[in-house]
Amino acid sequence: PENLMGMQAAIEQAMKSHEILSISDPQTLAHVLTTGVQSSLNDPRLIISYEPSNLEDPQPAPALTNLTQEELLSRLQMNIRHEILDGNVGYLRMDDLPGKEVLSKLGEFLVTHMWSKLLDTSALVLDLRHCTGGHISGIPYVISYLHPGNTVLHVDTIYDRPSNTTTEIWTLPQILGERYSADKDVVVLTSGRTGGVAEDIAYILKQMRRAIVVGERTEGGALDLQKLRIGQSNFFLTVPVSRSLGPLGGGSQTWEGSGVLPCVGTPAEQALEKALAILTLRRALPGVVRHLQEALQDYYTLVDRVPALLHHLASMDYSSVVSEEDLVTKLNAGLQSVSEDPRLLVRAVGPKETSSGPEAEVDDTLVTAPEVPEIPKDEAALQALVDSVFQVS
């Protein structure tokens with residue numbers, strides 16, 4: 001509502017504009033009005049459309065709760081799919097998020113036939129690239145299965161403009177089945193089409209630092225869009241009527257209008273491949289840390305500093321590591337800071353230098369002595385080598 005301060009003046013100016021009023025084509029007029037409203041309020045979600053075939057005011061779709069259980073199951077299975085990928089990575093694709101009524105009615109089926117099969121995976125990919133909306137009441141269910149422990153967490157506050165009310169969203173204190181282990185990585189895939197409730201889920205999981213978001217910046221839509229007839233005309237206004245106020249309800253800017261920025265940006269069609277590469281790296285992290293600790297214990301000359309270094313490696317937060325570059329930068333900054341020794345250096349070795357995997361790369365880099373060059377037998381070459389090393393006058 002606070003953005004409407006100058007809107008009345010903008011409307012009056014538009015009414016006085018002969019240029020706008022003289023537009024005879026209604027589709028063109030709708031486009032001009034949309035551009036004017038969006039620029040005045042700086043909100044791309046506002047759209048004015050001309051729909052002469054829409055004789056009646058748009059009605060909401062029939063409630064899912066009116067469908068039979070078989071129809072609900074069929075629709076759920078179309079919109080929610082799962083499989084186990086290579087490397088024991090769970091994959092859950094959600095193209096629509098059902099509400100509380102449907103989830104509470106079919107919860108046991110979902111837990112038995114889908115969720116329980118994903119619990120023993122080593123990591124989880126939640127694919128929201130094709131999810132353009134859903135029901136607000138379903139948000140706590142998705143977050144709760146990924147939120148560790150039985151403690152409730154305030155994840156969002158929703159403001160509804162027509163009723164002028166706010167509703168707090170908390171995780172569920174109890175759930176059917178088990179929660180996904182906090183020790184396992186979760187990756188959320190997004191695209192430019194990811195919208196509404198799906199954006200809120202991606203945003204909450206990112207803010208909780210429970211998931212790595214991979215893909216494209218999301219649509220920047222709204223939790224609830226409504227299409228309203230303008231007067232008795234065939235013009236309609238599409239307007240967001242609900243708003244996310246953020247986890248603490250402080251009114252700070254969230255994802256609406258601007259979208260959720262991914263942790264790792266990549267084209268949507270490549271997001272799954274990128275996510276699997278990130279998870280492969282993160283699976284190797286414990287081995288990398290173990291090799292570093294062993295190398296420091298066996299080789300580092302400043303023995304008195306080794307315990308502090310080992311403790312630092314064991315207690316470091318690796319949750320933000322999504323590439324070899326991230327890991328190398330983080331390790332070097334930490335090790336050199338704790339040891340106060342700029343000679344401690346970790347580097348990532350390319351595939352041509354070793355084929356033993358990430359764990360061996362760090363180990364080999366730390367402990368392999370540099371190769372000794374061959375001494376040339378030719379006297380001239382030998383003299384040139386000596387001259388390059390010693391300068392005598």
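Colleague: Which element gives the largest share of the lining of the largest pocket?

Modeller: Helix α3 does, with eight residues. Keep in mind that this is a predicted model. Now the pocket itself. Its volume is about 1400 Å³. A total of 46 residues line the pocket. Five of them lie nearest the centre: Leu4, Val37, Leu41, Asp43 and Leu46.

Next, the elements around the pocket. Domains come next. Domain 1 (7-42) supplies at least three lining residues. Domain 2 (69-222 + 239-265) also supplies at least three.

Nonpolar residues number 26. Another 14 are polar, and six are charged.

One further feature can be viewed separately, a pair of helices. Helix α9 spans residues 306-315, and helix α10 spans residues 324-339. Their axes come within 9 Å of each other. They cross at roughly 150 degrees. Angles over 145 degrees count as roughly antiparallel, so α9 and α10 are roughly antiparallel to each other. The crossing of α9 and α10 is right-handed.

Terms used:
Residues are numbered from 1 along each chain as its sequence is written. This is a predicted model: local features need pLDDT of at least 70, side-chain atom pairs count only at pLDDT 80 or more; totals for chains, interfaces and linings use all residues. Side-chain values use heavy atoms; hydrogens and water are left out. On a 1 Å grid over the protein atoms alone, a cavity is a set of points where a 1.4 Å probe fits but cannot get out, and a pocket is an open set with protein on both sides within 12 Å along at least five of seven lines; lining residues have an atom within 4 Å of a point. Grid points are joined across faces, edges and corners, and a volume is the space filled by probe spheres set on the points. Helices (H or I, at least four residues) and strands (E, at least two) are DSSP runs, numbered from the N terminus. Ala, Val, Leu, Ile, Met, Phe, Trp, Tyr, Cys and Pro count as nonpolar, Asp, Glu, Lys and Arg as charged, and the others, Gly among them, as polar. Domain bounds come from an automatic or database domain assignment. Axes are lines fitted to C-alpha atoms, for helices over the stretch in contact, and angles run from 0 to 180 degrees between N-to-C directions. Angles under 35 degrees count as roughly parallel, over 145 as roughly antiparallel, 65 to 115 as roughly perpendicular and the rest as oblique. A crossing is left-handed if the near helix is turned anticlockwise from the far one by less than a right angle, and right-handed if clockwise.
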